[in-house]
Amino acid sequence: MVKAISWAAWQVLLVQKVVVVGCEGINISTNFYRNKLKYLAFLRTRMNNDTSHSPYHFRAPSSIFRRTAQGVLPRETRPGRPGPPQGV
């Protein structure tokens, strides 16, 4: 999953349009049971002050891919520079 996300983020930074097909086949490495417990704990989190723990947790593989790719891209740029592309 990391290689696909880094490639997609790189293409978005180059201002290319990116279409990812077959997100259902994404592989999440390491132990399945451990990742399952971590993801279930993530789904239980609710927002108090930290907005990254918002009450909306997407379960679709495409939404998981999109959220992870957005985390790779820069949020801000230096003044006078164009902002990050909105492709992902």
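1. The largest nonpolar core has five residues: I5, A8, C23, F65 and A69. A nonpolar core here is a set of buried Ala, Val, Leu, Ile, Met, Phe, Trp, Tyr and Cys residues joined through side-chain atoms within 4.5 Å. Buried means under 20% relative accessible area, exposed over 50%, partly exposed in between (1.4 Å probe, protein chains only). Helix 1 (2-13) and helix 3 (61-72) each supply at least two residues of this core.

2. The model is predicted: local features need pLDDT of at least 70, side-chain atom pairs count only at pLDDT 80 or more, and totals for chains, interfaces and linings use all residues. Residues are numbered from 1 along each chain as its sequence is written, and side-chain values use heavy atoms, with hydrogens and water left out.

3. A8 deserves a look. Leaving out residues up to four places away in sequence, A8 touches V18 and F65. Contact means heavy atoms within 4.5 Å.

4. On secondary structure, the chain has three helices and zero strands. The pattern along the sequence is α-α-α. Helices (H or I, at least four residues) and strands (E, at least two) are DSSP runs, numbered from the N terminus.

5. N35 sits in helix 2 (residues 32-44). N35 is buried, at a relative accessible area of 17%. Beyond its neighbours within four places in sequence, N35 contacts I28, S29 and T30.

6. Now the whole chain. Of its 88 residues, 17% are buried. Among contacts with a separation of 6 or more, 47% join residues 24 or more positions apart. The accessible surface is about 7400 Å², with 57% belonging to carbon and sulfur atoms. Areas come from the Shrake-Rupley method with a 1.4 Å probe; for residues, only the protein chains shown count as cover.
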